[in-house]
Amino acid sequence: MPLSTTTVPSSPLVPSALQRSPLPKPNAVRLATQADQKQLTAALVLAFADDPIMRWMYPDSHQYLTHFPAFVQAFGGRAFEQQTVYAASGHAGAAFWLPPGVEVDAEALIELFQHSVSEALLGDLFAVLEQMDHYHIHQPHWYLSLLAIEPMHQRKGYGSALMGEILARCDRDRLPVYVESSKPDNIPFYQRHGFELLGTIEAGTSPPLFPMLRPPQ
């Protein structure tokens with residue numbers, strides 16, 4: 001793991017400007033803008049390539065690469081409108097936050113699913129969506145719709161850093177945070193940040209999805 005004080009060794013093969021430039025801090029994050037959207041979507045495409053739910057919906061690689069960017073836009077794009085997307089250094093990953101009163105673009109999401117997901121899976125998928133709505137709290141809250149780090153940059157502290165600002169704001173404002181974890185291995189990560197497991201969402205052939213709630217700390 002590179003340290004913030006590490007510099008590139010002097011070498012005739014390394015430009016002098018790079019020799020003097022320290023590597024970025026591994027947990028550096030910033031507020032993203034619309035100009036970052038393409039790069040962050042690309043990072044999420046890499047990060048979700050082995051996601052159980054996404055690859056259940058889009059098992060064919062071409063199908064996944066074709067339609068997943070539209071899913072990101074429908075499920076988290078409104079966070080760009082609210083200026084509540086946080087980006088990891090070098091577009092290594094992002095957290096898409098929806099503030100109280102802002103929801104995913106359900107109409108665009110349903111339209112996307114209807115023309116991009118296999119008809120054989122649609123019944124189970126819509127049953128999953130119904131369960132998601134059941135667990136999703138309806139009191140004022142922040143929703144972490146998407147959080148992902150591309151594989152080569154994982155385990156460097158980006159995930160925690162991407163949540164820090166909004167979690168602190170929620171604690172100040174006494175607001176809860178809601179998230180669905182699509183991987184069982186990520187549950188302990190969220191629990192370390194104060195999230196509590198609410199149950200399991202699963203329908204037919206779908207992989208399990210785990211709704212989690214974080215009360216203000």
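Biologist: Which residues lie nearest the centre of the second largest pocket?

Modeller: The model is a predicted one, in which local features need pLDDT of at least 70, side-chain atom pairs count only at pLDDT 80 or more, and totals for chains, interfaces and linings use all residues. Residues are numbered from 1 along each chain as its sequence is written, and side-chain values use heavy atoms, with hydrogens and water left out. A pocket is an open set of points on a 1 Å grid over the protein atoms alone where a 1.4 Å probe fits, with protein on both sides within 12 Å along at least five of seven lines, and its lining residues have an atom within 4 Å of a point. Of the 22 residues lining the second largest pocket, those nearest the centre are Glu103, Val104, Asp133, His136 and Tyr143.

Biologist: How much space lies in the second largest pocket?

Modeller: The lining of this pocket has 14 nonpolar, 5 polar and 3 charged residues, where Ala, Val, Leu, Ile, Met, Phe, Trp, Tyr, Cys and Pro count as nonpolar, Asp, Glu, Lys and Arg as charged, and the others, Gly among them, as polar. A volume is the space filled by probe spheres set on the grid points, which are joined across faces, edges and corners. For the second largest pocket this space is about 510 Å³.

Biologist: Which strand gives the largest share of the lining of the largest pocket?

Modeller: The largest pocket holds about 1100 Å³ of space. Its lining of 44 residues includes Leu147, Ala148, Lys183, Asn186 and Tyr190, which lie nearest the centre; by class, the lining divides into 27 nonpolar, 9 polar and 8 charged residues. Helices (H or I, at least four residues) and strands (E, at least two) are DSSP runs, numbered from the N terminus. The largest share, 7 residues, is supplied by residues 142-149, strand β4.

Biologist: How are α6 and α7 oriented to each other?

Modeller: Helix α6 (residues 106-116) and helix α7 (residues 119-135) have axes that come within 11 Å and cross at roughly 160 degrees. Axes are lines fitted to C-alpha atoms, for helices over the stretch in contact, and angles run from 0 to 180 degrees between N-to-C directions. Angles under 35 degrees count as roughly parallel, over 145 as roughly antiparallel, 65 to 115 as roughly perpendicular and the rest as oblique. The two helices, α6 and α7, are therefore roughly antiparallel.

Biologist: Which residues of α4 meet α6?

Modeller: The axes of α4 and α6 come within 9 Å and cross at roughly 165 degrees. That makes α4 roughly antiparallel to α6. Contact means heavy atoms within 4.5 Å. On the α6 side are Ala108, Leu109, Leu112, Phe113, His115 and Ser116, and they meet α4 through Gln63, His67, Ala70, Phe71, Ala74 and Phe75.

Biologist: How are α2 and α4 oriented to each other?

Modeller: Helix α2 (residues 37-47) and helix α4 (residues 61-76) have axes that come within 10 Å and cross at roughly 120 degrees. Gln37, Thr41, Leu44 and Val45 of α2 meet Tyr64, Leu65, Phe68, Pro69, Val72 and Gln73 of α4. By the angle of their axes, α2 and α4 are therefore oblique.

Biologist: What separation do the C-alpha atoms of Asp171 and Arg214 have?

Modeller: Asp171 belongs to helix α8 (residues 158-173). Beyond its neighbours within four places in sequence, Asp171 is in contact with Arg214, Pro216 and Gln217. Asp171 and Arg214 are 43 residues apart along the chain, and their C-alpha atoms are separated by 9.9 Å.
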